[in-house]
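Dear colleague,

I am passing on to you the structure we spoke about, with its sequence, and below it you will find some notes on what turned up in it. Please read them with the model open beside you.

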Amino acid sequence: MLRWLVAVLSHSCFVSKGDSMFYAVRRGRRAGVYRTWAECQEQVNKFPSASFKKFASEKDAWAFVRAGLPGQEQQPPPPPEPAGAHSLPAATQGNGSQSEEPEINVLCCSTCKRPYEPSTSEEHIAKRVKHDELYSLPTVSEDKFSYMGDFAVVYTDGCCSGNGRNRARAGIGVYWGPGHPLNTSERLAGRQTNQRAEIHAACKAIEQAKSQNIKKLIIYTDSKFTINGITSWVDNWKTNGWRTSSGGSVINKEDFERLDNLSKGIEIQWMHIPGHAGFPGNEEADRLAREGASKQRS
């Protein structure tokens, strides 16, 4: 009788008709917001001190997760994302299919960058990236780096005003924490585009991590293009002589070559986080990137 009652209560708590609920994982194998209990369960089952909760709205779910991210505690909840913008904050490993996103120069929005990027229909085989479990809430060590488990945490962002125009100005932002000496705001060298800025912001963060002898790094970025490129598409591009499935040249070949080379010798978890959604780490990286875009080229 007791087992039957537990089963009924579990079902009523975690199964919603039409998958209309949002399952927030603050502490688990991968923090984030999931649309089904099965996905949530994969992250928290047998995970030490797992923290998760079901919500009726995505806004409330993200607010719950946000409290567990580095530098997010005691902050007001973020505003809801635009309709259709919901995504999981992770793209680190697996063998699923994604679509290859070519660089497309389009005009920026009023906040200096595109919130979403178009995609084509190319399938890929995802690149496996080592993925250790994150066992604790973020902590700030004596060296002022934030950690999740033994992974240092950094936020990166790229910005380009006038993206696609002759007078475009691009900048990169790298945010390690409040007042951190490695926080970076620089003008992007070379071709001025938003996607190049996103890639090179990540490159800068990895260079800095290696200079501090950091062996494990979590990179939070709102650029799915960068995450998919480095975790999935780059292997196929190299195999195909740096050509896409349609036969065209990879526009960002040099940029991804640099990112791919820098990624060797360090364990990286790539985490997607919604842009312009009130997450302080992402907002600070965005601010640094916009400041960098206003600077003169070095």
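**Strand β6 and its partners**

In this predicted model, β5 and β6 make up a hairpin that leaves two residues between the strands, and in its turn glycine 149 has a positive phi of about 65°. Strand β5, which covers residues 146-148, runs antiparallel to β6 and is joined to it by three bridges; within this pairing, serine 146 has valine 153 of β6 as its bridge partner.

Strand β6 also pairs with two further strands, β7 and β9. With β7, residues 169-175, the pairing is antiparallel and extends over seven bridges, and here serine 161 is partnered by arginine 169 of β7. With β9, residues 216-221, the pairing is parallel and rests on four bridges, with valine 154 standing opposite isoleucine 219 of β9.

How many of the 11 residues of β6 are buried? Of the residues in this strand, which spans 151-161, 10 are buried, so β6 is largely enclosed by the rest of the structure.

The mean pLDDT of the protein is 75, with 68% of the residues reaching 70 or more. Over residues 73-101 the pLDDT falls below 50, although this stretch has 88 contacts in the model beyond near neighbours in sequence. The pLDDT is likewise below 50 over residues 113-139, a stretch for which the model shows 106 contacts beyond near neighbours in sequence.

With kind regards

How values were computed: Residues are numbered from 1 along each chain as its sequence is written. This is a predicted model: local features need pLDDT of at least 70, side-chain atom pairs count only at pLDDT 80 or more; totals for chains, interfaces and linings use all residues. Side-chain values use heavy atoms; hydrogens and water are left out. pLDDT is the predictor's confidence in each residue, from 0 to 100. Contact means heavy atoms within 4.5 Å. Buried means under 20% relative accessible area, exposed over 50%, partly exposed in between (1.4 Å probe, protein chains only). Two strands pair if DSSP finds at least two bridges between them.
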